[in-house]
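Reader: I'm new to reading protein models. Could you walk me through this one, feature by feature?

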Amino acid sequence: MRSKSYYWLALLMCFFVISCDNTEDGSYVDPITIYEKVNGNWGLTNLKMVDEFAKANKIEPNEENLSTFFNYEDFKIKFNVDEKNQPASYEVTGNVPPLFAPKGYWELSSDFQQTNANPVKIYLYSDAQKTQKTDELKLTSVPGKNGEMEFQLAHASGGVTFVTYVFKLNAIN
């Protein structure tokens, strides 16, 4: 009886030894940043102007769709990153009236999506050193696998926003 117990114990130990296996999970890769998601060409699907004063005072209409006015259907923007996925330049194309500087340099307020309710901001600059900020866009919808992005441009006077432009964009392959 004792030899059978040793036999079963030895067999059980063999199973434990065989089951110990170090699985190779691959090499470490950096997490995907918003820079990688924003990088590329984007075409305008909708441009909406929101009158913040009218909205605050419940005056109708307080929104206007500008997508079909002033050639905005031709609006395209390209965000470039370098080989390390760091922001480089951007350029707006299409025969459209500029709502912000049509070309320059950009960077984000955060490499990753915020866990609080604050949107990531896209800072636009006129110089490569990123010392002369020209505009600030709020990234309200981060691109995902659906290839859609939304950002807002707010114009203010005396610290009070009076108009917001909402840009809805689709990735262009």
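**Reading the model**

Author: A contact here means heavy atoms within 4.5 Å. This is a predicted model, where local features need pLDDT of at least 70, side-chain atom pairs count only at pLDDT 80 or more, and totals for chains, interfaces and linings use all residues. Residues are numbered from 1 along each chain as its sequence is written, and side-chain values use heavy atoms, with hydrogens and water left out.

Reader: Is Asn62 buried or exposed?

Author: Asn62 is buried, with a relative accessible area of 12%. Buried means under 20% relative accessible area, exposed over 50%, and partly exposed in between, using a 1.4 Å probe and protein chains only. Across the chain, buried residues make up 29% of the 173 residues.

Reader: Where does Asn62 sit, and which elements does the chain have?

Author: Asn62 is in the loop between α3 and β2. The chain has three helices and nine strands, and from the N terminus on they run α-α-β-α-β-β-β-β-β-β-β-β. Helices (H or I, at least four residues) and strands (E, at least two) are DSSP runs, numbered from the N terminus.

Reader: What should I look for in the backbone?

Author: Most residues other than glycine have a negative phi, and most peptide bonds are trans. Here, the peptide bond from Glu60 to Pro61 is cis, with omega near -5 degrees. Pro61 lies in the loop between α3 (52–56) and β2 (63–65).

Reader: Which residues have a positive phi without being glycine?

Author: Asn71 is one of them, with phi near 65 degrees. Asn71 is in the loop between β2 and β3 (76–81), and counts as partly exposed at 33% relative accessibility. Asn85 has a positive phi too, of about 60 degrees. Asn85 is in the loop between β3 and β4 (87–93), and is partly exposed at 25% relative accessibility.

Reader: How do I read aromatic pairs?

Author: Rings of Phe, Tyr and Trp (its six-membered ring) pair if their centres lie within 6.5 Å; planes under 30 degrees apart count as stacked, over 60 as edge-to-face and the rest as tilted. A search of the whole structure finds 10 such pairs. Phe70 and Tyr72 make an edge-to-face pair, 6.4 Å centre to centre with 85 degrees between the planes. Phe70 counts as exposed at 54% relative accessibility, while Tyr72 is buried at 3%. Phe79 and Tyr90 make a tilted pair, 6.4 Å centre to centre with 35 degrees between the planes. Phe79 lies in strand β3 and Tyr90 in strand β4, so the pair ties together parts that are 11 residues apart in sequence. Both Phe79 and Tyr90 are buried.

Reader: Which residues form the aromatic cluster?

Author: Tyr35, Phe75, Phe79, Tyr90, Phe100, Trp106, Phe151 and Phe167 form one aromatic cluster.

Reader: And what about the nonpolar core?

Author: In soluble globular proteins, nonpolar side chains tend to be buried together. A nonpolar core is a set of buried Ala, Val, Leu, Ile, Met, Phe, Trp, Tyr and Cys residues joined through side-chain atoms within 4.5 Å. The largest one here has 32 residues, and those that touch the most other members are Phe75, Ile77, Phe79, Phe100, Trp106, Phe167 and Leu169. The largest share of this core, four residues, comes from β9.

Reader: Where is Asn39?

Author: Asn39 is in the loop between α2 (34–38) and β1 (40–51), and is partly exposed at 34% relative accessibility. Not counting residues up to four places away in sequence, Asn39 touches Phe79, Asn80 and Val81. The C-alpha atoms of Asn39 and Pro87 are separated by 8.3 Å, and these two residues are 48 residues apart along the chain.

Reader: What share of the contacts links residues 24 or more positions apart?

Author: Among contacts in the chain with a separation of 6 or more, residues 24 or more positions apart account for 43%.
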